[in-house]
Amino acid sequence: ILEMSETGSRFPLEVAQDLDIGSNSIQAYSISPKNEYFSVSYGTRLTGKKYLELVLEKALDREEQSEMAFSVIAEDGGSHPRSGTTQVQIVILDVNDNAPIFKQEVYVAKVLENMPEGSVVLSVLATDQDAGVNGEISYHLSQVVGQSDSAFVVDPKTGEIKLTKPLDFEAAQIHELSVRVRDGGGLSAICKVVVTLEDINDHSPVFPEERVNFKILETSDSGLRFPLEEAHDLDIGSNSIQAYSISPKNEYFSVSYGTQLTGKKYLELVVEKPLDREEQSEMSFSVIAEDGGSPPKSGSTEINVVILDVNDNVPIF
């Protein structure tokens, strides 16, 4: 019987036979044990033909109960009534009345941006209570939000989501996918998959210029500051630039760096000791930017300082 059969549906049964007649013949039919789903209807039609029918009293649900068994009993009207039974086995046939259901509405995964092609990001899982073809499900990547060339593929049978190409944290830090599951009868459901990338230290700091020239008066006071363009690092967090230094160190200059109240970062060359052109007219050193990765990466720019003369010496014979 189809599980979608309407209540009141009737299913004919062959009547029992009793060789006795009159009140000793069959007088009633019943079900044993009684159940809420079926009853029996019996009687004599206008043509005089007797009938016996199984009547559906309550809607069936194959997912709740796929089979049931009971006896139909025929009883005669003798003073010591006799009875006969037949066993009725009901198999409830499935219809596609259940859509697939995902175990989770949203799946979240965190992966490193250097995860190789073919790596499994995560697996989605859905179930369908229907049987046979109606319960067979397959997974499909429905949508990759904001990305036409998807870096992901889903296994239609297992629900495993894999990478088709390496991901780049600097290009996109979050990927949102929609996975659709469809059963053999055409019913479907959708879940959301959020993949968050974790940055790796794959970029070195880079200064805008490889070489910077300064001209400084030899009478410049200690503490005088000269702004430098800061380096840039595409990585973030601890993998971004953490410190600046001078190499080789010298007693005349240092670097100062940090973040202003406005939130803007700064980098400055600071005069630490009075200069003397007559002692040293030029000097060169590097300013190095270093990130906090493990291992750290660095970048540098060369600083060339020309010390300008002032008339601070009298002629001597």
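Start by selecting residues 1-102: this span is 0% helix and 45% strand, and its end C-alpha atoms are 29 Å apart. What you have open is a predicted model. UniProt, in an unreviewed entry, places the feature "domain: Cadherin" at residues 1-102, 103-207 and 208-317. Now select residues 208-317, where the end C-alpha atoms lie 49 Å apart and the make-up is 0% helix and 47% strand.

**Stop one: the largest pocket**

Which strand gives the most? Colour β2, which contributes 4 residues. The volume of this largest pocket is about 260 Å³.

**Stop two: a network of charges**

Next, show the side chains of Arg10, Arg45 and Glu53. A network of salt bridges links Arg10, Arg45 and Glu53. Side chains of opposite charge can pair when their charged atoms come close. Across the whole structure, a search finds 11 salt bridges, and the following stops visit some of them.

**Stop three: Arg62 and Asp94**

Select Arg62 and Asp94 and look at their side chains. They form a salt bridge, with the closest N and O atoms 3.1 Å apart. Arg62 sits in the loop between β4 (50-56) and β5 (67-76), while Asp94 sits in the loop between β6 (83-91) and β7 (101-102), so this pair ties together parts that are 32 residues apart in sequence. Are these two residues buried or exposed? Arg62 has a relative accessible area of 14%, so Arg62 is buried. Asp94 also counts as buried, at 18% relative accessibility.

**Stop four: Arg211 and Glu302**

Move along to Arg211 and Glu302. Here the salt bridge brings the closest N and O atoms to 3.0 Å apart. The pair links distant parts of the chain, with Arg211 in strand β16 (residues 211-217) and Glu302 in strand β22 (residues 298-308), 91 residues apart.

**Stop five: Glu251 and Lys273**

Now pick Glu251 and Lys273, whose side chains meet in a salt bridge of 2.9 Å, N to O. Glu251 belongs to the loop between β18 (241-247) and β19 (253-259), and Lys273 to the loop between β20 (265-271) and β21 (282-291), so the pair ties together parts that are 22 residues apart in sequence. Glu251 counts as partly exposed, with 47% relative accessibility. Lys273 is partly exposed as well, at 32%.

**Last stop: a sheet of 3 strands**

Together they make an open sheet of 3 strands in the order β17-β20-β19, with antiparallel pairing. The edges are β17 (225-227) and β19, each of which pairs on one side only. On average, neighbouring strands in this sheet are turned by 30 degrees against each other, direction ignored. Zoom in on β17 and β20: they run antiparallel and are joined by 3 bridges. To finish, select Pro227 and Glu268. Which strand holds the residue opposite Pro227? Pro227 stands opposite Glu268, in β20.

Notes. Residues numbered from 1 in each chain as written. Predicted model: local features only at pLDDT ≥ 70, side-chain atom pairs only at ≥ 80, totals over all residues. Heavy atoms only, no water. Salt bridge = Lys/Arg side-chain N within 4 Å of Asp/Glu carboxyl O. Helix = DSSP H or I, 4+ residues; strand = E, 2+ residues; numbered from the N terminus. Buried < 20%, exposed > 50% of the residue type's maximum accessible area, 1.4 Å probe, protein only. UniProt positions renumbered as here; feature names shortened; annotations may be inferred. Pairing = 2+ DSSP bridges. Axes fitted to C-alpha atoms, helices over the stretch in contact; angles between N-to-C directions. 1 Å grid on protein atoms, 1.4 Å probe; cavity = no way out; pocket = protein on both sides within 12 Å on 5 of 7 lines; lining within 4 Å. Points joined across faces, edges and corners; volume = space filled by probe spheres on them.
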